[in-house]
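Please open the model in your viewer and keep the sequence panel beside it. The tour below goes from one selection to the next and says what is found at each stop.

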Amino acid sequence: MQLHISPSLRHVTVLPAKGFREFIKVKNGSRKLSYRMVFYSLLLVTFLLRFVFVLTAVDTIDGERKCSTIGCLGKKLGPRILGRRFETDVPEVMYQVLENPANQNEKQSEPEIHQTLEDFIAKMKEQRPDAKTFAVKLKSMVTFLEQKTRTAKIQEYLYRHVASSSIPKQLHCLTLKLANEYSTNAKARLKLPSANYAPALVDNSFFHFVLASDNVLAASVVASSLVHNSLHPENIVLHVITDGKTYAPMHAWFSLHPLKLAVVEVKALTHFDWFTKGKVPVLEAMEKDQNVRSRFRGGSNAIVANSTENPRTIAAKLQALSPKYNSVMNHIRIHLPELFPSLEKVVFLDDDIVVQTDLSPLWEVDLNGKVNGAVETCRGEDKFVMSKRLKSYLNFSHPLISKNFNPKECAWAYGMNIFDLEAWRRTNISQTYYYWIEENLKSDLSLWQLGTLPPGLIAFHGHVQIIDPFWHMLGLGYQENTTIEDAQSAGVIHFNGRAKPWLDIAFPQLRPLWTKYLDFSDRFLKSCHIRAN
């Protein structure tokens, strides 16, 4: 096909082509051009114009980058487009400076370390240093601020350790006033429970709860919240176990503040027949444990003086020194079958929990022949609280632990537990518990460092039935991000951690969940200046 265009461009004639050669043939004299050549030429020109426009726009956008249009486009489109490889704008020397550990001489030779980002930026704009100098100064500032943050964090942990290990003067005042009331007021010495309700103490048709505590105020909140939220308070029997020094104040409180319809028993450990016969493993273990902990890593001063350890590790070691971890109230739960030989099932409550619902459905939970009904702590929305596995509590670098247990196995929680005492009596759980405590003492606390939960995880291994997490929400004593709405949706909330609700370091947004069960107009609370805030 041929295209004939007249000189005036008024006439265009199309003639058949004579072959492939004629397709690309151009005759200048007669102004004959290939029709297809003109058509594709126009397409090519149109494409080139658009391409140049796009490149110009890209160059304008990336004008501050010193690169060619083709190069800039290559960076935009990919690492190998148009023969260019992607290259970082950060000079290699900066990575070398930041990656190399700073020695002591470099730290001391740095004349000025900026303590705020604003000061650093202003100085860099003024000096306009090269990349290496910039990296050195940046590294010095970050290292300095990291050290200050670490020191402040350790100080915070130390202060929290001191605050949580001490007895607030208000609680000490309450204990003294109640002890005095017990000695001077006959009503404060009334028998608990009265003779009419004594049969209920061994009647398995009742709901039996056990609370071990040496904190009168905390025990009163647990008892009040339990009864207040119960649909059948007349079926509740609360067994309060305390130590010798707290027995009189605890008895006086519950004598003068009877719980509506519920049966309350207050006993000191020395009141149990089992406790007065022969050797008591819990007391022997506590005595040995106390001797070891008295030399544990040189005490709190030596722990916080460690300049290389992670602050969270230091916090765990400080927590191991807390007196509560050597308290008989923490260990006594392992002897529930001996303390209550007539009972078949009990629910054990820690003194830092608050009951927010009726707990009678717990007696309908099927434990499938297991001993301990507990909430597991490795699954949940709160990854800080609900991420605990055996490796969180046990030292798997020790061969005795690594060869017997799986580090990824899910842990469970103390605080609100259903115990089938009949099934327990058919096991050797208590003996296993003390065997492992003895092994830990022999190894200088290298199997685990703190608490009664690690030996409990071992002793109850294979004897735990997981229950609905609704029944036990943890972390209110160390997870300050817990919302009031989430806490109110749980059946039982647990202030485990240092920020106990009766301490000044409690989280203010969560403390009202605990204080709502206290009557601050009570004469004992008022005289000891115990207030809601």
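**Salt bridges and disulfides, stop by stop**

Begin by selecting Asp352 and Lys500, whose side chains meet in a salt bridge with an N to O distance of 2.5 Å. This pair links distant parts of the chain, since Asp352 sits in the loop between β7 (345-349) and β8 (353-355), while Lys500 sits in the loop between β12 (492-494) and α21 (512-515), 148 residues apart. Bear in mind as you look that this is a predicted model. Asp352 counts as buried, at 5% relative accessibility, and Lys500 is likewise buried, with a relative accessible area of 8%. The salt bridge between them is one of seven that the structure holds.

Next, select Glu439 and Lys442, where the side chains form a salt bridge at 3.7 Å, N to O. Both residues lie in helix α18 (residues 429-442), and they are three residues apart, which is about one turn of the helix.

Select Cys173 and Cys528, which form a disulfide with their sulfur atoms 2.1 Å apart. If you display the torsion about the S-S bond, the value is -75 degrees, and the link is left-handed. Cys528 is buried, with a relative accessible area of 3%.

Finish with Cys378 and Cys410, the partners of a disulfide whose sulfur atoms are 2.0 Å apart. This pair also links distant parts of the chain, with Cys378 in the loop between β9 (372-374) and α16 (399-402) and Cys410 in the loop between α16 and β10 (416-420), 32 residues apart. The torsion about their S-S bond is about -110 degrees, so this disulfide is left-handed. Both Cys378 and Cys410 are buried.

Definitions and conventions
Residues are numbered from 1 along each chain as its sequence is written. This is a predicted model: local features need pLDDT of at least 70, side-chain atom pairs count only at pLDDT 80 or more; totals for chains, interfaces and linings use all residues. Side-chain values use heavy atoms; hydrogens and water are left out. A disulfide is a pair of cysteine sulfur atoms within 2.5 Å. Buried means under 20% relative accessible area, exposed over 50%, partly exposed in between (1.4 Å probe, protein chains only). Helices (H or I, at least four residues) and strands (E, at least two) are DSSP runs, numbered from the N terminus. A salt bridge is a side-chain nitrogen of Lys or Arg within 4 Å of a carboxyl oxygen of Asp or Glu.
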